[in-house]
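Dear colleague,

Please find below the structure that I was asked to pass on to you.

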2 protein chains.
Amino acid sequence: MAEHRHVTLAAVAKAAGVAKSTASHVFTGKRVVAPETAERVRHAAAAMGYTGPSALGRALASGRTQLIAVVTHALLEDPDTDPLSLAILDGLQREFAQAGYGTVLIPPITDDASRDLAHAVLYDGVVSVRRMVGFEETNPYLESRHVPWIALDGYMTEEAAVVMDDAKATEELARRVLEAGHERIAIAGYTFSVEELPDGLTTFDELYEAAPTNVRRRLDGFVRAGVEPVAVFRCGTVARSSGEAAARALLEMEEPPTCILTTADVHAAGIIDYARRVGLRIPEDLSVTGFDAVTLGGLGGIELCTVVQDGMQKGRIVARRLLRMLEAEREGRGGLELGDPEELPLPVRWGDSVAVLTR
Amino acid sequence: MAEHRHVTLAAVAKAAGVAKSTASHVFTGKRVVAPETAERVRHAAAAMGYTGPSALGRALASGRTQLIAVVTHALLEDPDTDPLSLAILDGLQREFAQAGYGTVLIPPITDDASRDLAHAVLYDGVVSVRRMVGFEETNPYLESRHVPWIALDGYMTEEAAVVMDDAKATEELARRVLEAGHERIAIAGYTFSVEELPDGLTTFDELYEAAPTNVRRRLDGFVRAGVEPVAVFRCGTVARSSGEAAARALLEMEEPPTCILTTADVHAAGIIDYARRVGLRIPEDLSVTGFDAVTLGGLGGIELCTVVQDGMQKGRIVARRLLRMLEAEREGRGGLELGDPEELPLPVRWGDSVAVLTR
DNA sequence: CTGAAAGCGCTTACAG
DNA sequence: CTGAAAGCGCTTACAG
């Protein structure tokens with residue numbers, strides 16, 4: 001009946017014959033209000049079609065938006081390309097939602113539109129999930145907002161939030177490959193900054209130098225297992241196409257490897273795509289290992305030998321860390337204890353993409 | 001050098017010796033400011049570490065948050081379960097970002113946490129993507145916020161935003177199945193409200209009655225092609241498990257169908273899972289068709305005969321519609337022309353999941 | 001248990 | 001081309 005638009009707390013308070021502060025407390029519950037007073041306020045609110053304090057007013061007055069930004073390119077790819085980031089996003093979103101925070105998706109800053117967006121968006125904290133492009137401008141900007149921030153994919157802030165023993169996992173995986181009798185083994189590892197470092201053959205040391213810390217740990221595991229690669233390829237993107245490029249280069253060698261160890265499932269998938277196209281069978285003619293254990297289409301029934309990274313769980317862990325940072329900030333004590341990072345287990349999954357060589 | 005926290009427009013204006021309004025206009029560009037005045041303001045801002053007007057202040061003053069909420073369960077499932085919603089989300093997010101809007105993810109209201117979140121979050125408009133659970137409370141709430149809202153999955157607002165000729169596509173698909181010689185054909189269609197209508201055998205008319213409008217159109221296509229189903233199964237969820245349930249029931253029949261027509265790829269995948277498990281070959285022993293053409297794992301090299309629904313494109317179309325609604329609202333004219341909905345083409349993709357029967 | 005008032009950080013007519 | 005002022009819708013000490 002009543003005009004439902006733009007009913008304010010002030011109007012409700014007036015109608016109920018109480019002060020704005022009292023009406024406010026009825027809704028927030030931050031102060032005890034006499035039952036009958038509260039009832040009067042609720043009644044007036046209902047009659048006027050008032051559905052609770054405007055999130056906007058509350059945000060300005062309290063300085064808290066209940067919003068966390070997630071800067072990512074994950075959705076800007078074919079879902080098939082980066083399912084791990086999607087899973088992480090899922091975990092982040094669930095944990096934030098549970099804690100009463102909405103998750104705002106924003107792309108990295110790459111042009112005027114994304115720059116304007118970054119400036120226009122409100123948030124209390126931020127997580128950046130893929131630093132494939134645009135991070136040169138995005139990172140300093142996020143820094144300038146002076147809010148709690150966790151950057152994943154090998155940044156220090158990730159290391160402080162979640163512990164992953166990549167090396168232990170890849171060591172086990174590589175050890176089993178060696179036990180299967182492989183001697184000509186190649187490594188395909190990835191870096192992020194494709195502009196400076198495109199796909200291409202390289203040396204182990206150069207790859208190690210350019211790789212993010214998590215990839216380094218994976219390479220460490222290969223070394224610890226005793227792998228002496230006959231060739232090393234640098235994947236410039238975390239995308240299937242870089243895996244194809246790796247296969248093309250590696251299979252052209254005079255004595256091609258019998259097994260390629262990768263640092264991401266998407267690369268293993270790209271390698272399989274290419275190998276099949278040139279008529280090779282997996283794993284009989286070429287073995288391959290991955291990392292992540294994501295669901296990928298078009299593998300034709302092959303189950304990858306890989307390391308399981310539970311993205312959803314990882315997202316949850318990271319979210320909990322950010323929530324604690326937010327809390328610490330609210331306490332006004334930058335030095336509040338954040339506690340140790342949680343550990344994400346990384347079990348090996350032994351599929352059927354590695355052949356056991358008999359001689 | 002300077003203390004970087006909590007620098008306000010007012011402080012910058014004072015330092016530059018201009019009025020707040022002038023400083024504001026330097027940043028928004030909504031009014032012409034003398035070049036040297038602007039320079040003075042920018043200089044002061046830089047010196048004080050001011051990175052532009054607070055999104056919060058701007059939002060309160062202008063009443064616009066530059067945020068669009070997307071209510072969805074898509075991320076709350078295994079990415080493998082609902083890749084179409086993910087693709088739609090992708091399209092929404094891209095289009096919104098381009099228009100300067102951030103995308104806020106919130107879950108449907110199912111408990112106190114999600115209710116609080118829904119109330120706390122700020123947004124100028126909203127799109128709801130999956131109405132699987134919690135919509136009984138979520139929908140009225142979204143309604144009560146009085147902002148432009150598009151609900152997908154067979155609601156009227158979707159129909160007004162995007163035109164899809166599902167019937168034409170499924171008619172073509174079913175026609176080809178009939179041409180392949182199939183006579184014992186079953187239909188597995190889906191509904192949303194699993195609480196009231198669980199998985200189970202039903203009649204065509206009952207399914208039709210309970211189905212959302214888009215599923216109805218798909219069923220229309222089957223009828224138009226001349227299909228006379230020997231059995232009809234109702235999938236109570238849009239998940240692989242409901243497909244398995246369908247296969248279990250349908251294959252138990254005395255004279256089981258040679259082909260099952262579904263209204264979603266995930267159901268086709270579930271059917272394949274089950275059929276394989278009981279030792280049937282696809283398509284030799286059982287043919288199946290889908291709808292959506294999403295990437296699904298574990299299909300073992302089978303390419304589904306299905307209808308291609310480009311989720312990303314659909315998301316973009318829906319986003320553009322919402323943006324137009326927002327604009328219309330801003331103009332203060334509820335009656336502003338929104339124009340016709342855009343059409344999303346639905347091509348048939350003929351894979352290898354339907355056997356050609358020779359007799 | 002309740003009120004009056006300041007203030008959160010801006011934008012936007014209005015006025016000149 | 002620029003300023004002074006009102007106001008967006010709340011929350012939160014402060015006071016009683």
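The notes below take the domains, the DNA surface and the contact between the chains in turn.

Please bear in mind that this is a predicted model.

Chain A is divided into three parts: domain 1 covers residues 9–53, domain 2 covers 67–162 together with 311–342, and domain 3 covers 166–308. Between the C-alpha centres of domain 1 and domain 3 of chain A there are 63 Å. An unreviewed UniProt entry lists residues 7–62 of chain A as "domain: HTH lacI-type". This span is 70% helix and 0% strand, and its end C-alpha atoms lie 20 Å apart.

Around DNA strand D there are 30 residues, of which Leu9(A), Ser24(A), Gly57(A), Ala61(A) and Ser21(B) come nearest. The elements that give two or more residues to this surface are helices H1, H2 and H4 of chain A, along with helices H2 and H4 of chain B. H4(A) provides the largest share, six residues. By type, the surface near DNA strand D holds 13 nonpolar, twelve polar and five charged residues.

The two chains also touch each other: 47 residues of chain A are in contact with 47 residues of chain B. On the chain B side, H4, H5, S2 and H6 each supply at least two residues, and the largest share, nine residues, comes from H5(B). That side comprises 23 nonpolar, 19 polar and five charged residues. Strand S2 of chain A and S2(B) run antiparallel and are joined by three bridges. Within this pairing, Val104(A) has Val104(B) as its bridge partner.

Yours sincerely

Terms used. Residues are numbered from 1 along each chain as its sequence is written. Chains are lettered from A and ligands numbered from 1 in the order in which they are written. This is a predicted model: local features need pLDDT of at least 70, side-chain atom pairs count only at pLDDT 80 or more; totals for chains, interfaces and linings use all residues. Domain bounds come from an automatic or database domain assignment. UniProt positions are given in the numbering used here, feature names are shortened, and annotations may be inferred rather than shown by experiment. Helices (H or I, at least four residues) and strands (E, at least two) are DSSP runs, numbered from the N terminus. A residue is near a molecule or strand if its C-beta atom, placed from the backbone, lies within 6 Å of it. Ala, Val, Leu, Ile, Met, Phe, Trp, Tyr, Cys and Pro count as nonpolar, Asp, Glu, Lys and Arg as charged, and the others, Gly among them, as polar. Two residues are in contact if their C-beta atoms, placed from the backbone, lie within 7 Å. Two strands pair if DSSP finds at least two bridges between them.
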